[in-house]
Amino acid sequence: MTKVAFIGLGVMGYPMAGHLVAKGHQVSVYNRTTAKAQAWAEAHGGRWAATPAEATEGAELVMVCVGNDDDLRSVVLGEQGVLAGMSPGALLVDHTTASADVARELAEVAQAQGKGFIDAPVSGGQAGAENGVLTVMVGGEPEQFEQAKPVIDSYARSAVRLGPVGSGQLCKMVNQICIAGVVQGLAEGLHFAQQAGLDGEAVVEVISKGAAQSWQMENRSHTMLKDEFDFGFAVDWMRKDLDIALTEARRNGAQLPLTALVDQFYAEVQKLGGSRWDTSSLMARLTKD
């Protein structure tokens, strides 16, 4: 049993923290909306705290899963922040999808206080979090990764260290770049099938057995054909992630023309009122007037 704090109980963090309890860890939680932290504690039997600092007192590992760079700084830094409550030698594991810059910034602050930090963004969406089968991409020192991995395994089917701090976030950018292209291709293919008078479900049944197969096809094609887009990662969050990737690409010289184009397609989806639709809603801009 490890004493763990979990900061941020959104659609990902809520079930992730629950898996920690199920695996026998002692868990305290903090959430900006206190009612959600109280509800989690009642459901799972853990302890809720009024501040990040209070939640992290005595914890060996502190997991954070919030929205963006600014959210991350707000819960980690300051008099009531995560680092203020952590003991020297404790390890902060950041599951937020954020920039590599903020990962390096917070790692430096933590190290100066004798505390550890690894960036560990996740992939797998809400379903992956609920089923405990997330993929975790980690940046940090090998020994810190080994310290965290047995606990991360509570909600992950794969956790891989990619290199020093920041590497996890860079890998997550690659993940989102790849997803953007695949979803756009799938949306265009399904739209073409509909326009050609084909049975979309039959098309998917055939091509999903060949080289066109993908996670997106397996899990989203059927709802895309029905114009249903309430099944996961929101467009607003995807645009946030793509902005992080495009900003990093301008720095490192990578050429991302398709990613930039799909980002603008998602902006069109937002104009359709789809800010909270899931990423498969690229289909909507092709089918809605």
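Colleague: Is E248 buried or exposed?
Modeller: This is a predicted model, where local features need pLDDT of at least 70, side-chain atom pairs count only at pLDDT 80 or more, and totals for chains, interfaces and linings use all residues. Residues are numbered from 1 along each chain as its sequence is written; side-chain values use heavy atoms, leaving out hydrogens and water. Buried means under 20% relative accessible area, exposed over 50%, and partly exposed in between, with a 1.4 Å probe and protein chains only. E248 has a relative accessible area of 11%, so the residue is buried.

Colleague: With which residue does E248 form a salt bridge?
Modeller: A salt bridge needs a side-chain nitrogen of Lys or Arg within 4 Å of a carboxyl oxygen of Asp or Glu. For E248, the closest N and O atoms are 3.5 Å apart, and the partner is R251.

Colleague: How are E248 and R251 separated in helix α12?
Modeller: Helices are DSSP runs of H or I with at least four residues, numbered from the N terminus. E248 and R251 are 3 residues apart in helix α12, so their separation is about one helical turn.

Colleague: Which residue meets R251 in a salt bridge at 2.7 Å, N to O?
Modeller: Side chains of opposite charge can pair when their charged atoms come close. Here the side chain of R251 pairs at 2.7 Å with that of D101.

Colleague: What does the pair of R251 and D101 tie together?
Modeller: R251 sits in helix α12 (residues 235–252), D101 in helix α6. The pair therefore ties together parts that are, in sequence, 150 residues apart.

Colleague: What are the relative accessible areas of R251 and D101?
Modeller: R251 is partly exposed, at 48%. D101 is also partly exposed, and its value is 35%.

Colleague: Which residues are linked in a network of salt bridges?
Modeller: R251 bridges to E248 and also to D101. The network links D101, R104, E248 and R251.

Colleague: How far apart are the closest N and O atoms of D241 and K240?
Modeller: D241 and K240 are both buried. They form a salt bridge, with the closest N and O atoms at 2.9 Å.

Colleague: Which residues does E105 touch, not counting those up to four places away in sequence?
Modeller: E105 lies in helix α6 (residues 100–112). E105 is partly exposed at 28%. Contact means heavy atoms within 4.5 Å. Leaving out residues up to four places away in sequence, E105 touches R73 and L77.

Terms used: Helices (H or I, at least four residues) and strands (E, at least two) are DSSP runs, numbered from the N terminus.
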